[in-house]
Amino acid sequence: MGPQYAFDITVKNRVYNILLFSDAQRNFTSQAHIHSGHEFHYMKDGEASILIEGNTHPMHSGKCYLVTKGNFHKTTNVSAKLTRTSLLIKPQDELSGDTPDLSDIAPAFTEFPAEGRIKILLDILAEYLCNTPNGSISNDYASALLTLIYIELIEKLSPRGNDIAAHAGVQQLNPKLSDEARKDKIFSYFANNLSTATLDELAEMLFLSKRQVARFLAEKMNGSFSSLLQKHRIEHAKALIVSGAHTLDEIAYLSGYNSYKGFYNAFLRYEGVNPQTFKDSLQI
C-alpha cells in the first residue's frame, strides 16, 4: 500500500470521512471484502481488474471507477506497476439530509473518463501528496481539494437526465435485482456470515432499507432475519453432524454460536431433539 491519509470534509453541513491512498502502487491486489463506504479509484497509469459480485471489470489508465457501498469486491493487478489515487468515502452519520449520498445516485459500479475539472483536481492532489514530506501535509488544503473532488463526483454521477451519463461515457452495473437474484444473495450472505450476519449489512448489500429487507424476508421467504439466520445455522450444523468430521463443540462454533449451550438450545427448539440425540439417530 502507498501513503495513507485520513481527512474529514464538510459538504452542506454534512461531514464525510475520507481515507486516501495515493502515489505509485506496486500491489493493488486485495481479498474480497465489503464495506459501508464508497470506493473511488483514479487510474493514472497502469491496468488492473475488479471483481464485483461475480462480475469482472477491467480498470484502465485514464479512467475513474466507483464501487458503491455494500458490494463484495476484490481488485487484482494487471500491470507490474501502476499509479492510482483511491478514496474510501463514508458519511460520518447515516442520517438523510439535503446533501446527496453517492449511493442515492450511483449504481453498484460506475466507470467514466478522467477528464475536465475532476482530472485537474485529482492530478493536483496526487502531485501535492507526492511532493510534500510526510508529516507536513496541510489538512486544510487536502480537505479543500477532496471536497471539490467529491462535488465533482456527485455532478458526474447525477441522475439529472441520461444525457449527462451518455456524454460522460458512463458504464453502469444496475443494482436492481429480481426476487430470485435477491434470494440467492441472501442465501449466500447467510452461508458466508453465520456468526457475523447483521440486518444492517444485509440491507447495504441489497441496496434496501432495513424495513424493506424485513418486508422482503417476510413476504418472499416466509421468515424474519433472525429466524432465517437461525435456520441456516441449524441446517449447516446438521450437515456437519452427518459428515461425522467434527465434534459437537466444534460444530457449535462452525455454525455461528458462541457457546455449546446456545447451540444446544437453538437446535432443540428447531429440531425438537438435542444435537446428541440427532447424532445418535444417524447411527441406528
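A nonpolar surface patch joins side chains of Val, Leu, Ile, Met, Phe, Trp or Tyr within 5 Å, taken from residues with over 30% relative accessible area and no salt bridge. Accessible areas come from the Shrake-Rupley method with a 1.4 Å probe, and a salt bridge is a side-chain nitrogen of Lys or Arg within 4 Å of a carboxyl oxygen of Asp or Glu.

This is a predicted model, where local features need pLDDT of at least 70, side-chain atom pairs count only at 80 or more, and totals for chains, interfaces and linings use all residues. Residues are numbered from 1 along each chain, and side-chain values use heavy atoms, without hydrogens and water.

**Exercise 1.** Find the residues that make a nonpolar surface patch of about 270 Å².

*Solution.* Step one: pick out Ile120, Ile124 and Tyr141, which make the patch. Step three: check its cover; Ile120 is exposed, at 53% relative accessible area (exposed means over 50%, buried under 20%).

**Exercise 2.** Work out which side of helix α7 (residues 210–220) is buried.

*Solution.* Start with the buried residues of α7: Val213, Phe216 and Leu217. They span an arc of only 95 degrees around the axis, so they sit on the same side of α7 (the arc uses directions from the helix axis to the C-beta atoms). Next, turn to the opposite face, which carries the exposed Arg211 and Glu219. Finally, look for partners: the buried residues of α7 pack against α5 (179–192), α6 (199–206) and α8 (225–243).

Technical notes:
Patches are made of residues with over 30% relative accessible area and no salt bridge: like charges are joined within 9 Å, nonpolar side chains (Val, Leu, Ile, Met, Phe, Trp, Tyr) within 5 Å. Buried means under 20% relative accessible area, exposed over 50%, partly exposed in between (1.4 Å probe, protein chains only). Helices (H or I, at least four residues) and strands (E, at least two) are DSSP runs, numbered from the N terminus. Contact means heavy atoms within 4.5 Å.
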